[in-house]
Amino acid sequence: MGKRQEKEKRARRRVASERRGHPGRRVPVRAGRLSPDRAVPANIPRPPYAPDAPPFLPAVPPDELPDRMRAAGHAGREVLLELADAVNVGMTTDELDRICHEACIARGGYPSPLHYKGFPKSLCTSVNEVICHGIPDDRALLDGDIVNCDVTIYLHGVHGDCNATFFVGDVDDEGRRLVQVTKEALWKGIDQVRPGARLYEVGRAIQTHAEAAGFGVVRSFVGHGVGEEFHTAPAVLHYYDPSNDLVLTPGLTFTIEPMINEGSWELGRIWPDGWTAPTRDGSRSAQFEHSLLVTATGVEVLTMLPGEPHGT
Ligand code: MF3
Ligand code: CO
Ligand code: CO
């Protein structure tokens, strides 16, 4: 056994012994049971990767992209706000998935995660030490959990992608600080976006803020170009890498979605489900995401509703 493995084993034992006799302590998240597949009505236009998508899709005329992206972004945000209201102690992540599924369809959209590269549900729900890509199941949310809900809707031929981390009941001070710092880090990144800026300025601002607070920045998952495709170039790193040097130009649409860990930045082993991505050290992870459009003078946050303030 290597030195690092020994150290981790000791750390796990210590956590386990500290938890004994403290039934209120946080227990690791485990895989639950999935509900039967949810159907999408035949009249809802599907993305190309859906099993029952039409063989050809007309391309979106480039001049229509901003308006369509705005519509998809706003719809995604509305769905996310519906989930914010629904999150509660005792609610299962599968119920959140149902709400998301139905809210996307009610807006004439397709829930983008469903059948994307084999993902089985319409929403990603990532609890506590799960960094991202958690699959909704029959686990009931516990008092003190944090849960990220990541909504993407395919509407008018484009994807709108956003997420937020919510508190379940009473969350301890450190958990609240983690979530607050992560949201601030997203906005530090958004504030770098303008024509002529380099993409690494985004990652640098996020990393500086997160690490000053004593937290770790996840490297294994990144933001991405978004539009007719769910995930496309460029990769948007949430840490400083001078080679991430794309110059931003008006019309570019991409996400920023920092995942920030209470402890080490490192990714653990992906669950046997092929998706769920936990932290290596079992510490909690928070995330916030917006889809953005580079404008002639700065940035438009596509996944914010008119009237929502900067920093939301
Ligand atoms: N919405 C996620 C993102 O921000 C991607 C989820 S892919 C899925 O990029 F297949 F897990 F849904
Ligand atoms: Co995204
Ligand atoms: Co997302």
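This note goes through the nonpolar cores and one metal site of a predicted model.

1. The largest nonpolar core of the model holds 65 residues, and within this core the residues with the most contacts are Leu83, Leu96, Val193, Phe254 and Ile256. Several elements each supply at least two of its residues: among them are helix H2 (65-86), helix H3 (93-106), helix H4 (173-190) and helix H5 (199-212), together with strands such as E4 (146-155), E5 (158-167), E9 (253-256) and E13 (290-294).

2. Another core, made of eight residues, lies apart from the largest one, and its members include Val40, Ala53, Tyr110 and Tyr154.

3. Turning to the metal, the cobalt ion (ligand 3) is coordinated by OD atoms of Asp150 and Asp161 and by an OE atom of Glu289, at 2.1 to 2.4 Å. The site has six donor atoms, and with angles of 58 to 171 degrees among them it is irregular.

4. Along the chain, the donors of the cobalt ion (ligand 3) follow the spacing D-x10-D-x127-E. Asp150 belongs to strand E4, whereas Glu289 sits in the loop between strand E12 (285-287) and E13, so that distant parts of the chain, 139 residues apart, are linked. Both Asp150 and Glu289 are buried.

5. The cobalt ion (ligand 3) lies 3.3 Å from the cobalt ion (ligand 2), and Asp161 coordinates both of these ions.

Note on methods: Residues numbered from 1 in each chain as written. Chains lettered and ligands numbered in written order. Predicted model: local features only at pLDDT ≥ 70, side-chain atom pairs only at ≥ 80, totals over all residues. Heavy atoms only, no water. Core = buried A, V, L, I, M, F, W, Y, C linked by side-chain atoms within 4.5 Å. Buried < 20%, exposed > 50% of the residue type's maximum accessible area, 1.4 Å probe, protein only. Helix = DSSP H or I, 4+ residues; strand = E, 2+ residues; numbered from the N terminus. Donors = N, O, S within 2.8 Å, 3.2 Å for Na, K, Ca; no water. Tetrahedral: all angles 85-135°; square planar, octahedral: opposite > 155°, others 65-115°.
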